[in-house]
Amino acid sequence: MMKLLTSLFVGLTLLAAPVHAQSGPLRLEIDEGIIEPLPFAVPNFVPDGPAAAQYAQDISRVIVSDLTGTGLFREISADAFISRVSSFDAPVQFPDWKAINAQALVTGAVNVSGKRLTVRFRVWDVFSGQELGNGLQFAGTTDGWRRMAHKVADQVYSRITGEGAYFDSRVAFVSESGPKDQRRKRLAIMDYDGANVQYLTDSAAIVLAPRFSPSGDRLLYTSYETGQPRIYLLDVGRVQRQELPTEAGTMSFSPRFSPDGRSIVYSLSQGGNTDLWKMDLATRQSVRLTNTPAIETAPSYSPDGSQIVFESDRSGSPQLYIMPATGGEATRISFGQGRYGTPVWSPRGDLIAFTKQNKGRFHIGVMRTNGDEERLLTASFLDEGPTWSPNGRVIMFTRETQGASGRSALYSVDISGRNLRPVRTPDGGSDPSWGPLQN
Amino acid sequence: MNLLSKIAAAGALTLIAACSNNDPSALGGAGGAGANGTLVPGSPSDPRSPAYFQQTVGDRVLFAVNQSTLSPQAQTVLQGQADWLLANPDFVATIEGHADEQGTREYNLALGARRANAAREYLISRGVAGNRLTTVSYGKERPIEICSTEECYSKNRRAVTVLTGSTLG
């Protein structure tokens, strides 16, 4: 496993630069709704030798791709550059970057020594001529070059927006191939941008709905490998899985971790009726949380672990409810038209993402935890299964197209409803679970 | 809705003992013998074969959107299944519950479980021993029709009784 060291790059000294006619430091306030993406430039990072040249170019491209992929930033093409950056330590020619309206500039250098790769970078506020934060370096192995690029992009994003980032993160999902009536499914993980796909199961048994543990080291998922749907716990690093023992019943499914990673909540079907149960992962003992003749499934913990939002058809159609994490009285929060499912609590705690089915269309939407301010972010033949980016700004989900040739794919959308885009995967994809920012 | 199906099943508790377990002619339905009178064991013309169960008795019942209630037609098919299972006690069966693609994945798993259980309870109410009947739900994972119209959806909302074992081989 790659070790990634983070350290302040102490050899750099801050440049004293005059403050220009900008009212404040460069800052993108994304909660106010960005219409015009912020223009930025990333001149190719400077390689210190031939071995670093390709890495320098590739790392620069991934940084640009991360930032433009948010929809919040717009790259200024190298064709427009006036200055060339051929030395990381040379003073930045701010007038040349101002002239092409680059508001942010990222400069960097790449060193390769054997299998060791070091990336240094600085973020500049062009119009004030000042550095945003301090120069940093990341060091690791050459295999991990994409992660280092994501880490640089995370820094740039955070320094400009003041928010947490999400580029150095992974997504677990179900890789799908074949037609709808002969679909083969494999559990897989990948970088958030679709790179470095790794398959964790073969397609011998149906696998469904993986969920990352809060620390990203384990996955919960449902598999038919015994013939019945059962829940499994998988160690991502060692790719070892174990079936979790549940109460007698026909099937267990829909497992989710608690925020502390010590217990799970899941659905168990007995005699055709599906209720929610909670299991302590240390003792493997389960307790029942709901006890109604209705279907209760798709649970999700609040970030503080005190509450669970879930889906139930106790009212006659599937709707969203919140109950204490220990079970007990549940409060309905969805009251709009249609059917609501797959609620997922935002990592910020303030919103719940969901799937809504209404008038023959499917939507991904968000609402406040009391059900207020419902907003639909997408609409299509079949959208379902939202998962939150680690910073709570972006939602990834499954989109399936209709008909005999229908195919499922992963998409992401900003919680503003803008920037809907496909996530590239080698085959079809479904049931994404977005893991935490990596260390 | 599973409450409704339970009530429907409980209301039909009168066992029908008209069929003799050893008399294939009591199974009813056409095709007891081949066209020229010969009976090929294991073929659809053999009333004791799984193929006969599948094709002549009918191995599946269909459901309305989001429902697990058994329609009168479904109850007729299940009555035939119960008669056949009572006449062929060496067989056990797994009832597979399915949903169409208009629903979220996990809800549809639970819905398929409801449908499979509704069929199972009906068979039990008609005298089939519960230990011969297991259920599994595939939710929307195993459609048999893949167009995205109601014509296909209606065939996918099903509970299928699959014979899974017999000393007859």
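**Close-up views of a two-chain model**

The structure holds 19 aromatic pairs over all chains. The legends below refer to a predicted model.

**Figure 1. The ring pair of Phe81(A) and Trp97(A) is edge-to-face.** The centres of the two rings lie 4.9 Å apart and their planes meet at 70 degrees; planes over 60 degrees apart count as edge-to-face, so the pair of Phe81(A) and Trp97(A) falls in that class. Phe81(A) sits in the loop between β4 (73-75) and α2 (94-99) of chain A, while Trp97(A) belongs to helix α2 of chain A. The two residues are 16 residues apart, and their pair links distant parts of the chain. Phe81(A) has a relative accessibility of 19% and counts as buried, the cut-off being under 20%. Trp97(A) is buried as well, with a relative accessible area of 1%.

**Figure 2. Tyr166(A) and Phe167(A) form a tilted aromatic pair.** Their ring centres are 4.8 Å apart, and the angle between the planes is 50 degrees. Tyr166(A) and Phe167(A) are both buried. The two residues are also members of a cluster linked by ring pairs. Besides Tyr166(A) and Phe167(A), this cluster takes in Phe40(A), Phe73(A), Tyr157(A), Tyr192(A) and Trp434(A).

**Figure 3. Val123(A) and its contacts in chain A.** Val123(A) is part of strand β6, which spans residues 116-125 of chain A. With a relative accessibility of 0%, Val123(A) counts as buried. When residues up to four places away in sequence are not counted, Val123(A) touches Leu105(A), Gln130(A), Glu131(A), Leu132(A), Val156(A) and Arg159(A). One of these, Leu105(A), is 18 residues from Val123(A) in sequence, and the C-alpha atoms of the two are 5.9 Å apart in space.

**Figure 4. Met323(A) and its contacts in chain A.** Met323(A) is located in strand β22 of chain A, residues 319-324. The residue Met323(A) is buried, at 2% relative accessible area. Neighbours within four places in sequence left aside, the contacts of Met323(A) include Leu276(A), Leu289(A), Thr290(A), Gln307(A), Ile308(A) and Phe310(A). Gly328(A), Glu329(A) and Ala330(A) are in contact with Met323(A) too. Between Met323(A) and Ser433(A) there are 110 residues of separation in sequence and 23 Å in space, C-alpha to C-alpha.

Figure 5. Lys359(A) has a relative accessibility of 70% and counts as exposed.

**Figure 6. Chain A, the setting of the views above, has three helices and 32 strands.** The radius of gyration of chain A is 24 Å, close to the 22 Å given by the globule rule for 439 residues, so chain A is as compact as a globular protein of that length. Along the principal axes, its C-alpha atoms fill a box of roughly 75 × 45 × 45 Å. Of the 439 residues in chain A, 57% are buried. Contacts between residues at least 6 apart in sequence join residues at least 24 apart in 47% of cases in chain A. Chain A carries 45 positive and 45 negative charges, whose mean positions are 2 Å apart.

**Figure 7. Chain B has five helices and four strands.** Along the sequence, the elements of chain B follow the pattern α-α-β-α-β-α-β-α-β. Buried residues account for 49% of the 169 residues in chain B. For chain B, 71% of the contacts between residues at least 6 apart in sequence join residues at least 24 apart. Chain B has an accessible surface of about 7100 Å², with 58% belonging to carbon and sulfur atoms.

Definitions and conventions:
Residues are numbered from 1 along each chain as its sequence is written. Chains are lettered from A and ligands numbered from 1 in the order in which they are written. This is a predicted model: local features need pLDDT of at least 70, side-chain atom pairs count only at pLDDT 80 or more; totals for chains, interfaces and linings use all residues. Side-chain values use heavy atoms; hydrogens and water are left out. The radius of gyration is taken over C-alpha atoms; the globule rule is 2.2 Å times the number of residues to the power 0.38. Buried means under 20% relative accessible area, exposed over 50%, partly exposed in between (1.4 Å probe, protein chains only). Contact means heavy atoms within 4.5 Å. Lys and Arg count as positive and Asp and Glu as negative; His and the chain ends are not counted. The place of a charge is taken as NZ of Lys, CZ of Arg, CG of Asp or CD of Glu. Rings of Phe, Tyr and Trp (its six-membered ring) pair if their centres lie within 6.5 Å; planes under 30 degrees apart count as stacked, over 60 as edge-to-face and the rest as tilted. Accessible areas come from the Shrake-Rupley method with a 1.4 Å probe; for residues, only the protein chains shown count as cover.
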